[in-house]
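Subject: Structure for you to look at

Hello,

Here is the structure I said I would pass on. Please open it next to this message and follow along.

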Amino acid sequence: MSSEDVEEARQLLLRYAGAERAMPTCDELRQFLKASREARIRNPEDIANYGSLALRHYKSQLAEEELWLLHEQVGIALMECGALQQALPLVKAVLLKFPGSIRARRLQGMYYQAAGKPAQAQQLYEELLSEQPHNDVIPKQLVVLHREAGALSEAISVLVTYLQHYSNDREAWEELADCYLEAGMYRQAAFALEEVLTMGVLAPLTLIKYGDTLASIGGAAQLRTARAYYAKALQVSGGRSVRALYGLIAVANQLPDKDAGAAGSAAQELPSAAAEALVAQYSRDAPDKLPLVKQALARYL
Amino acid sequence: MSIVVKASTYDLTEEAYLTILLHAAKYPSCTVCGVLLGKVSSKACTATAAVPLFHLSMLLAPCVETALAQVEAYAQQQSLQLLGYYHCESRFDAREPHPAGKRIAERIADRQPEAFMICLDNPKLAAFSREGSNEPPFELLLREAGPKGSWKKVPAGSAAGSLGIAAGGGGSSGSSWEGLRARFLNAHARGMHHELADFDEHLDDISRDYLNAGLLGSGSQLLLK
């Protein structure tokens with residue numbers, strides 16, 4: 001399920017907005033909630049609203065597994081919206097139904113976090129980890145907890161330990177890179193992103209983020225490498241990625257002419273080509289911004 | 001606190017304040033930031049528009065450079081000044097804006113010495129939203145004099161500067177913090193925060209208008225000539 005599927009399902013539900021007594025059907029609600037779960041879309045307001053509707057009016061029509069997935073999904077969404085009073089019965093119901101489950105107790109920990117009780121949450125997570133030292137979900141919850149408290153070095157420490165056992169967890173490496181970026185540790189962030197890049201799947205956004213990170217470090221060598229990654233992202237995205245195009249411009253702005261490349265080389269022509277490509281896209285998709293873009297890129301047009 | 005004698009009144013229109021609030025409301029789990037455009041006089045800095053920039057890419061220099069270049073072009077074309085920076089930390093308990101935010105504010109202050117920073121205080125914002133307080137959730141930060149002066153919070157009522165609400169282009173009568181809150185809660189209930197676009201979104205889809213023309217009714221301030 002993609003985010004397009006989620007949006008399609010959401011649009012179906014929007015038709016009911018404002019209608020006094022009409023209510024979405026069970027299937028329409030289930031479709032939206034299921035698509036959101038699978039595409040892992042984070043939209044707490046809609047999920048809390050529509051999910052609560054489903055649980056209140058259509059509980060009997062839900063299959064057993066789906067019912068409890070919804071409890072978790074809606075509980076989390078309610079917590080994200082700060083609706084703790086409404087979340088609590090859902091959390092309690094899950095704990096009652098699945099007493100020994102780590103997943104259920106993780107939900108309890110999230111409730112503690114949402115209620116502003118990080119110490120209790122931390123104690124619970126650490127208890128769970130001592131029961132299951134190689135659990136792959138609880139360390140991530142601890143990372144969230146530490147980041148919420150602004151304890152970046154603790155968050156990093158938990159992630160580094162986790163990644164020693166789960167070195168193929170792409171998401172965890174990206175989370176680590178984000179922690180390093182937030183801590184201003186750009187070189188370490190670059191190393192973390194390199195781990196993701198060595199896994200082979202060349203997602204344009206990761207290539208670009210790596211380029212952005214190197215360009216943030218600065219220096220001719222980093223800038224030239226960043227340029228190569230923006231170029232690769234551009235290639236992978238069929239020449240369309242706006243972030244990559246702007247990245248090439250940004251690098252060209254920073255590189256002294258002597259480092260830009262030999263006269264007439266591809267490297268030297270990249271920023272002009274990027275500027276032209278941006279102008280073409282803006283002409284088509286955002287013509288109101290064209291005067292701004294032309295002024296900002298005047299040097300290369 | 002030695003601050004070079006500057007404008008002591010820092011006013012934003014309701015539209016500018018609303019833009020900031022809606023940007024923060026759209027991305028509650030992210031640190032969000034943007035810039036302020038308006039006019040500087042000897043007595044007052046008046047921001048007539050807030051331009052939402054980032055909720056993801058604030059820490060990445062190329063993204064910041066790209067955004068600032070475009071916003072500077074816009075300011076020039078509209079005969080406005082880039083005169084401020086706004087920031088809202090994702091962490092509820094954050095006491096200070098992230099250093100990267102201060103760096104962006106510095107870039108703006110280097111070109112515009114009167115530039116100021118406005119931060120959303122999360123606990124105050126929670127109280128403000130729940131109608132538990134009439135205290136505005138915004139804090140003013142000014143740069144200390146001297147090279148690499150740091151940004152310091154200016155307490156409410158200080159002679160160094162105060163935040164106010166400027167009369168808007170829409171001619172809204174009797175602007176007050178209560179009025180702003182009512183307008184914000186109304187806009188949020190209507191889902192306007194979902195319609196707001198920032199520069200990060202623009203980079204992913206250039207049809208997303210980070211200038212948010214027409215979003216807030218009296219969009220005349222935000223439309224390109």
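Below is what was found in it, taken chain by chain.

This is a predicted model, in which local features need pLDDT of at least 70 and side-chain atom pairs count only at pLDDT 80 or more, while totals for chains, interfaces and linings use all residues. Residues are numbered from 1 along each chain as its sequence is written, chains are lettered from A and ligands numbered from 1 in the order in which they are written, and side-chain values use heavy atoms, leaving out hydrogens and water.

**Chain A**

Chain A is split into domain 1 (1-132) and domain 2 (185-256 + 265-301); such bounds come from an automatic or database domain assignment. The C-alpha centres of these two domains are 38 Å apart.

Helix H8 of chain A covers residues 138-148. Helices (H or I, at least four residues) and strands (E, at least two) are DSSP runs, numbered from the N terminus. Among the buried residues of H8(A) are Ile138(A), Leu142(A) and Leu145(A). Buried means under 20% relative accessible area, exposed over 50%, and partly exposed in between, with a 1.4 Å probe and protein chains only. What do the buried residues of H8(A) pack against? They pack against helices H6 (102-114), H7 (118-131), H9 (152-165) and H10 (170-182) of chain A, where contact means heavy atoms within 4.5 Å. After H8(A) comes Gly150(A), with a positive phi near 75°.

Helix H7 of chain A holds Glu126(A), which is partly exposed at a relative accessible area of 41%. Its C-alpha atom is 8.4 Å from that of Ile138(A), 12 residues away along the chain.

**Chain B**

Chain B has 7 helices and 8 strands. Its radius of gyration is 16 Å, close to the 17 Å that the globule rule gives for 225 residues, so chain B is as compact as a globular protein of that length. That radius is taken over C-alpha atoms, and the rule is 2.2 Å times the number of residues to the power 0.38. Of the 225 residues in chain B, 58% are buried. Of the contacts in chain B between residues at least 6 apart in sequence, 70% join residues at least 24 apart.

Ser79(B) sits in the loop between helix H2 (61-77) and strand E4 (81-88) and is partly exposed, at 49% relative accessible area. Asn212(B) lies in the segment after helix H7 (199-204) of chain B and counts as buried, at 6%.

Regards
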